[in-house]
Amino acid sequence: MRLTRILGSLALAAAMVAPAVAQDNYPERPITLVLPLGAGGSHDLHARGITGVISDILGQPMVVKLVPGGAGMKGSKEVADADPDGYTIIFTHNGFDQIVPQTRDAGFDPLTAFTAIAKINQAEPILCSPADEPFDTLEEFVAYAKEHPGEINLGHSGNWGAGHIPAMQLINASEIEVNLIPHQGGGPTLQALLSGEDDIGTLFTTQARAHVKAGTIKCLAVAGDKPIADDEDFSDLPTMASLGYPNVSFTMERIFMAPAGVPEDRLEKLRSAFAELMENKSFQRFINSIGEKIDFQGGDEYDEKRPARLEEYKMLIDKVGGGGN
């Protein structure tokens, strides 16, 4: 009889404890969003608008932390090494996730270090210069570069990043000789153009738009073969393919990721929150206000394509050569 009472008490205690263990009120404190880039770039501009809305959806603040350096690997390594509890995530892109770790010892394997939360959109780099440069078209720039070998500074957001790749592709295809200048993100790249430190550089529409409107920056071409349609500021911009450079092409995918090993229920809560974000009217107005578009892909679907994409980019690295080192 005593054993029965003991077992009954243990069962009751287990029943009382089980709901408390199973119940996860995540998130119960702010979430740190690491950006492996400097201030003022397209990721930073996106993050400042996204975090306010996603914080309301999750019920806790999402706080931006800029960790530039190492071609995106400093911030990436910080998140790869973080406790996989869902309180530290990264806003990165496919170049940092799938290309840069193949060009150096990053200290982690991206396929085992990260799991995707969501891809929110994508964009093609555009080649821009200060308004007072003595060339107004891509053809004029190539001709000028050939007349002044080694005298032109071409800035980009970091080695093997979204702007560096098409820059190297253009250099190889046009056979020009320029000085490639790496910066810690799109913001510093833009500032180098505005200050005249660089003669030309790769930007994205998000960061270039205000300066194009102000007449301080002019843009020459967009990477790839797809025009920036339905955009009053950039719809007339020619594509690299239309100008005779079909291999100058790279699409940057803006992705949110978490350290691998985040509990499944927390990962799904993050993924659901970003799916809900895409339908949020405030977020949609924000994206429209910066001239961007939503091109959502769920984390599980994005994870499925990452292994094959790493192999594709390996061929790109081999083809472009050692310019990223």
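Predicted model: local features only at pLDDT ≥ 70, side-chain atom pairs only at ≥ 80, totals over all residues.
Residues are numbered from 1 along each chain as its sequence is written, and side-chain values use heavy atoms, with hydrogens and water left out.

Back to that largest pocket: its volume is about 620 Å³. Of its 26 lining residues, Gln122, Glu124, Ile228, Ala229 and Lys293 are the closest to the centre. A pocket here is an open set of points on a 1 Å grid over the protein atoms alone, where a 1.4 Å probe fits, with protein on both sides within 12 Å along at least five of seven lines; lining residues have an atom within 4 Å of a point. The volume is the space filled by probe spheres set on the points, which are joined across faces, edges and corners. Strand β4 (114-123) and helix α9 (205-214) each give at least two residues to this lining. Helices (H or I, at least four residues) and strands (E, at least two) are DSSP runs, numbered from the N terminus.

What about the second largest pocket? That one holds about 290 Å³ of space. Gln169, Asn247, Leu316, Lys319 and Val320 sit closest to its centre, out of 14 lining residues. Its lining has 9 nonpolar, 4 polar and 1 charged. Helix α12 (299-320) makes the largest share of that lining, with 5 residues.

Now the sheets. One is open, with 6 strands in the order β2-β1-β3-β10-β4-β11 and mixed pairing. Its edge strands, β2 (62-66) and β11 (297-298), each pair on one side only. Pairing needs at least two DSSP bridges between the strands. You'll remember β4 from the largest pocket; β4 also pairs antiparallel with β11 over 2 bridges, and Lys119 has Gln297 in β11 as its bridge partner. Helix α10 (residues 264-279) packs on this sheet, touching β1, β2, β3, β4 and β10, at about 15 degrees to β4. Touching means heavy atoms within 4.5 Å. Angles run from 0 to 180 degrees between N-to-C directions, with axes fitted to C-alpha atoms, for helices over the stretch in contact.

The other open sheet has 5 strands, ordered β7-β6-β8-β5-β9, again with mixed pairing. From one strand to the next, the twist averages 30 degrees.

Which way does β8 run against its partners? Strand β5 (residues 126-130) is antiparallel to β8, joined by 3 bridges, and Ile126 pairs with Leu203. Strand β6 (residues 153-156) is parallel to β8, over 2 bridges, with Leu154 opposite Ile200. Both faces of β8 (residues 200-203) are covered: Ile200 and Thr202 on one side, and Gly201 and Leu203 on the other, are all buried. Buried is under 20% relative accessible area, with a 1.4 Å probe and protein chains only.

Last, the helices over this sheet. α7 lies across β5, β6 and β7, at about 175 degrees to β7, and α7 also supplies at least two residues of the second largest pocket's lining.

Key. Buried < 20%, exposed > 50% of the residue type's maximum accessible area, 1.4 Å probe, protein only. Nonpolar A, V, L, I, M, F, W, Y, C, P; charged D, E, K, R; others polar.
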